Amino acid sequence: MMNFNWDKLIVALDLDTRKDIDKVIKSLSGKGVKFKIGSIAFTKFGPEFVRKLTAKKIDIFLDLKLYDIPNTMKETAGIITEMGCWAFTVHTKAGFEALSAVKEEVVSRSIGKKIRKPLILGVTELTSSAAKVEQVLALAKVAQAAGLDAVVASSRETPAIKKAFGSALKIITPGIRGPGDCAGDQKRITSALTAFKNGADYIVVGRPIISKSNYLQAAKKVLSY
Ligand code: C5P
């Protein structure tokens with residue numbers, strides 16, 4: 001029996017019908033799988049939808065990639081914290097001051113309201129761009145200095161990030177493709193097992209799962225290569 005890394009899988013719910021989203025969640029929940037709501041589903045279904053899922057104890061990763069002035073990022077992060085999300089993203093390019101303000105707000109809001117503290121994930125370079133390892137490392141340094149929990153980076157940079165920061169920064173890797181999957185717009189792609197071997201703590205997978213008709217079977221396939 002194959003042991004699947006279910007608790008390290010984050011499925012991107014980049015779908016615009018509730019019916020499809022509910023079907024993906026139903027097919028994969030109860031295994032420790034986390035679900036990512038990005039700008040597509042958030043713009044369509046809004047914060048109430050996110051609250052509805054978090055109220056059901058579903059681990060939601062809100063991927064809005066905040067990138068703004070410190071006050072705006074901080075206030076938004078506070079609202080996200082109150083939504084009960086498992087994790088959310090900010091752009092590390094927003095800089096140390098903004099990221100530190102986000103961290104401070106998340107900590108104080110979660111303690112004050114007695115809610116779980118969401119993980120703050122710093123996006124480095126998007127996996128759809130052909131970024132250099134040095135650029136990603138420089139952004140990871142800002143993330144770590146500001147007290148973020150993790151960075152989002154491709155498998156190509158993971159060994160260098162692990163070497164530089166060890167367990168101080170978790171790594172989330174998107175751009176996962178199995179055999180026969182289309183790269184689509186992703187440039188720095190890798191298979192799930194290679195991503196884990198390189199040190200990813202979690203992988204984000206969208207189209208290789210959500211574009212298939214059998215989500216469970218597709219997820220098992222992704223986790224097998
Ligand atoms: O469909 P696919 O597997 O390419 O989906 C990847 C998901 O991860 C998308 O929702 C995308 O927005 C997100 N993501 C990414 N690269 C980043 C951060 C997030 O692809 N650096």
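Q: Which residue has a polar side-chain atom 2.8 Å from an oxygen atom of the ligand?
A: A polar contact is a pair of N or O atoms within 3.5 Å. Here, arginine 177 puts a polar side-chain atom 2.8 Å from a ligand oxygen. Lysine 36 does likewise at 2.7 Å, and an N or O atom in the side chain of aspartate 14 is 2.6 Å from an oxygen of the ligand. Bear in mind that this is a predicted model, where local features need pLDDT of at least 70, side-chain atom pairs count only at pLDDT 80 or more, and totals for chains, interfaces and linings use all residues. Residues are numbered from 1 along each chain as its sequence is written, and side-chain values use heavy atoms, with hydrogens and water left out.

Q: Which aromatic rings pair edge-to-face?
A: Rings of Phe, Tyr and Trp (its six-membered ring) pair if their centres lie within 6.5 Å; planes under 30 degrees apart count as stacked, over 60 as edge-to-face and the rest as tilted. There are four aromatic pairs in this structure. Take phenylalanine 61 and tryptophan 86: their ring centres are 6.4 Å apart and their planes sit at 65 degrees, so that pair is edge-to-face. The pair links distant parts of the chain, with phenylalanine 61 in strand β3 and tryptophan 86 in the loop between α3 (70-82) and β4 (87-91), 25 residues apart.

How values were computed. Polar contact = N/O pair within 3.5 Å; in protein donor to acceptor, adjacent residues only side chain to side chain. Helix = DSSP H or I, 4+ residues; strand = E, 2+ residues; numbered from the N terminus.
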